[in-house]
Amino acid sequence: MAQRRKIEVSNTNFDGNKPEVNVSFQNAANEVTKLHHQAMNSQHVAFDAGRRHSLEKAFEWVSSKAHDGKSVTSSEFMAYLQHELNDSSANSHQELSENMPCSQDQDMKEEHPHM
């Protein structure tokens, strides 16, 4: 029968790392997890604020029509919403294109338009 070797337990783990390294890694992982949770929470808060803003804008539009003595039909309200969606979509695309860095090819074309 083969002789068994006794495994010695020391201050190093099976992967060879010292416990201090593992504790540091675990602390860093916990901080990253905490940061992720905070980011997700902030995203929910921002989404709710955007929803509230859009509802307030729609309410103000309907209220201004009512103040002028006009009633708003559902088709007018749908047209208003479609206009707002198209307008915000165009603005977000414009903001993205203004904030995105140009590629090197675009830079070359701008510097040398005849290329």
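The dialogue below asks how the terms used for this predicted model follow from its computed values.

Tutor: This is a predicted model, in which local features need pLDDT of at least 70 and side-chain atom pairs count only at pLDDT 80 or more, while totals for chains, interfaces and linings use all residues. Residues are numbered from 1 along each chain as its sequence is written, and side-chain values use heavy atoms, with hydrogens and water left out.

Student: What makes up the secondary structure of the protein chain?

Tutor: The protein chain has three helices and zero strands, where helices (H or I, at least four residues) and strands (E, at least two) are DSSP runs numbered from the N terminus. Read along the sequence, this gives the pattern α-α-α.

Student: How do you know that the span of H1 is close to the expected one?

Tutor: The expected span of a helix is 1.5 Å times one less than its number of residues. H1 has 49 residues and reaches 71 Å from its first C-alpha to its last, which is close to the expected 72 Å. After H1 comes Gly 69, whose phi is positive, near 85 degrees.

Student: Why is the pair Asp 48 and Arg 51 called a salt bridge?

Tutor: The term asks for a side-chain nitrogen of Lys or Arg within 4 Å of a carboxyl oxygen of Asp or Glu. The closest N and O atoms of Asp 48 and Arg 51 are 2.6 Å apart, and the pair forms a salt bridge. Both residues lie in helix H1 (residues 19-67), three residues apart, about one turn of the helix. An α-helix has 3.6 residues a turn, so residues three or four places apart point the same way.

Student: How many salt bridges does this rule give?

Tutor: The count comes to three. Another of them joins Arg 52 and Glu 56, at 3.2 Å from N to O, and these two residues of helix H1 are four residues apart, again about one turn of the helix. Glu 84 and Lys 57 also meet in a salt bridge, at 2.8 Å from N to O. Glu 84 lies in helix H2 (residues 74-99) and Lys 57 in helix H1, so this pair ties together parts that are 27 residues apart in sequence.

Student: What makes the pair Trp 61 and Phe 77 tilted?

Tutor: Rings of Phe, Tyr and Trp (its six-membered ring) pair if their centres lie within 6.5 Å, and planes under 30 degrees apart count as stacked, over 60 as edge-to-face and the rest as tilted. A search of the whole structure finds three aromatic pairs. The rings of Trp 61 and Phe 77 have their centres 6.4 Å apart and their planes at 40 degrees, so this pair is tilted. Trp 61 lies in helix H1 and Phe 77 in helix H2, so the pair ties together parts that are 16 residues apart in sequence.

Student: Why is the pair Trp 61 and Tyr 80 called stacked?

Tutor: Their ring centres are 4.4 Å apart and their planes are at 10 degrees, so the pair is stacked. Tyr 80 belongs to helix H2 and Trp 61 to helix H1, so this pair ties together parts that are 19 residues apart in sequence. Trp 61, Phe 77 and Tyr 80 form one aromatic cluster.
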